[in-house]
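Subject: A structure for you to look at

Hi,

Here is the structure I promised to pass on.

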Amino acid sequence: MIVKPRNPKAVIFDWAGTMVDFGSLAPVIAMQQAFTAVGVEISEAEVRLPMGQAKRDHVAALLAQPAVASRWQEKTRRAPSEADIERIYASLDELMRAAGTARATLIPGARATFECLRAESVRIGSSTGYTRAMMGPILTAAAAQGYEPELVVCAGETPQGRPAPLMIWKNLVELGGWPAADVVVVDDAPVGIAAGKAAGAFTVGVAASGNEMGLTFEAFQALTASDREVRIAMARDRLYAAGADVVLNTVADLPSWLKASP
């Protein structure tokens, strides 16, 4: 296990479910719309399973799920092909831009965490399974709310996406953040945790705001205290199982946790 870096050289944040879009719902909405358009319904749970991958990889992973492949076969009388993956992926651009824009509100405490880290001269990078085109309106909305990381590495800008570590390493190179063990990666999905670990970074999962909880902020707040704790514990267990070095509720907890004694 990597030792906790109390004064990290850099922090690299994921986007949906980590810094924006409480519950990481935009990819679910867009992916379900894209599959509905080709006549195959997919559940939220099916969409969430490979969450965090580059969106073309995400489409391919969905079509590889036995239940989804069976419904595809029933609808089309043939197995899904590479051309089908490309067609669905091509339709996602506009859908993701619309859903991402609608869900671009910063997660409570995200801006304060960003400002706290910058005040301590911590370099701030980011990575995402969205393409640059999908991220355009989200970056604009986030900047208007006060969040502008120094670097954004999008899907398609490295030879492989998550769980490969390449997007994290690109951040390290561009930000001059090394050794990797002195860099913190923050993500809400198991595939992002896997990428952080593969990069050699200290990896923090966020359980309450992301994919493993899967609730809007309003729905999360409406849970009873006992239900909330049970669901957070389940999300925390999945992120630890993915290899997280520590799991917090949201990014709002990061500055105080970094300053706390080991």
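Predicted model: local features only at pLDDT ≥ 70, side-chain atom pairs only at ≥ 80, totals over all residues.

**Helix 1 and what it packs on**

Start with helix 1, which covers residues 26–37. From its first C-alpha to its last, this 12-residue helix reaches 17 Å, close to the 16 Å expected. Which of its residues are buried? They are Ala26, Pro27, Val28, Ala30, Met31, Ala34 and Phe35. An α-helix has 3.6 residues a turn, so residues three or four places apart point the same way. Keep that in mind when you look down the helix. The buried residues of helix 1 pack against helix 2 (44–48), helix 3 (55–64), helix 4 (66–76) and helix 5 (82–102). After helix 1 comes glycine 39, with a positive phi near 90°.

**Two helix pairs**

Two packed helices are described by the angle between their axes and the distance between the axes. For helix 1 and helix 5, the angle is about 140° and the axes are 8 Å apart. An angle over 145 degrees would count as roughly antiparallel, so this pair is called oblique instead. The contact involves Ala26, Pro27, Ile29, Ala30, Met31, Gln33, Ala34 and Phe35 on the helix 1 side, and Ile88, Ser91, Leu92, Leu95, Met96, Ala99 and Gly100 on the helix 5 side. By class, that contact has 12 nonpolar residues, 3 polar and no charged.

Helix 5 also meets helix 7 (residues 132–144), where the axes come within 8 Å and cross at roughly 10°. Those two helices are therefore roughly parallel to each other. Helix 5 brings Tyr89, Leu92, Asp93, Met96, Arg97, Gly100 and Thr101 to this contact, while helix 7 brings Ala133, Met134, Pro137 and Ile138. This contact has 7 nonpolar, 2 polar and 2 charged residues.

Zoom in on alanine 133, which sits in helix 7. Is alanine 133 buried, exposed or partly exposed? With a relative accessible area of 35%, alanine 133 is partly exposed. Leaving out residues up to four places away in sequence, alanine 133 touches Asp93 and Arg97. Alanine 133 and methionine 96 are 37 residues apart in sequence, and their C-alpha atoms are 9.3 Å apart in space.

**Helix 9**

In helix 9 (residues 190–199), the buried residues are Val191, Gly192, Ile193, Ala195, Gly196 and Ala199. Their cover includes helix 8 (166–175), strand 3 (183–187), strand 4 (202–206) and helix 11 (225–241). Just after helix 9, glycine 200 has a positive phi of about 90°.

**Loops worth a click**

Where are the cis peptide bonds I noted? One joins arginine 162 and proline 163, with omega about 10°, and proline 163 lies in the loop between helix 7 and helix 8. Another joins tryptophan 178 and proline 179, with omega about -5°, and proline 179 is in the loop between helix 8 and strand 3.

Two serines have a positive phi: serine 24, near 50°, and serine 121, near 65°. Serine 24 is buried, with a relative accessible area of 1%, whereas serine 121 counts as exposed at 58%.

Finally, threonine 250 is in the loop between strand 5 (246–248) and helix 12 (254–259). At 12% relative accessibility, threonine 250 counts as buried. Beyond residues up to four places away in sequence, threonine 250 touches Pro108, Val206, Ala208 and Ser209.

Cheers

Note on methods:
Residues numbered from 1 in each chain as written. Heavy atoms only, no water. Helix = DSSP H or I, 4+ residues; strand = E, 2+ residues; numbered from the N terminus. Expected span 1.5 Å × (residues − 1). Buried < 20%, exposed > 50% of the residue type's maximum accessible area, 1.4 Å probe, protein only. Contact = heavy atoms within 4.5 Å. Axes fitted to C-alpha atoms, helices over the stretch in contact; angles between N-to-C directions. Parallel < 35°, antiparallel > 145°, perpendicular 65-115°, else oblique. Nonpolar A, V, L, I, M, F, W, Y, C, P; charged D, E, K, R; others polar.
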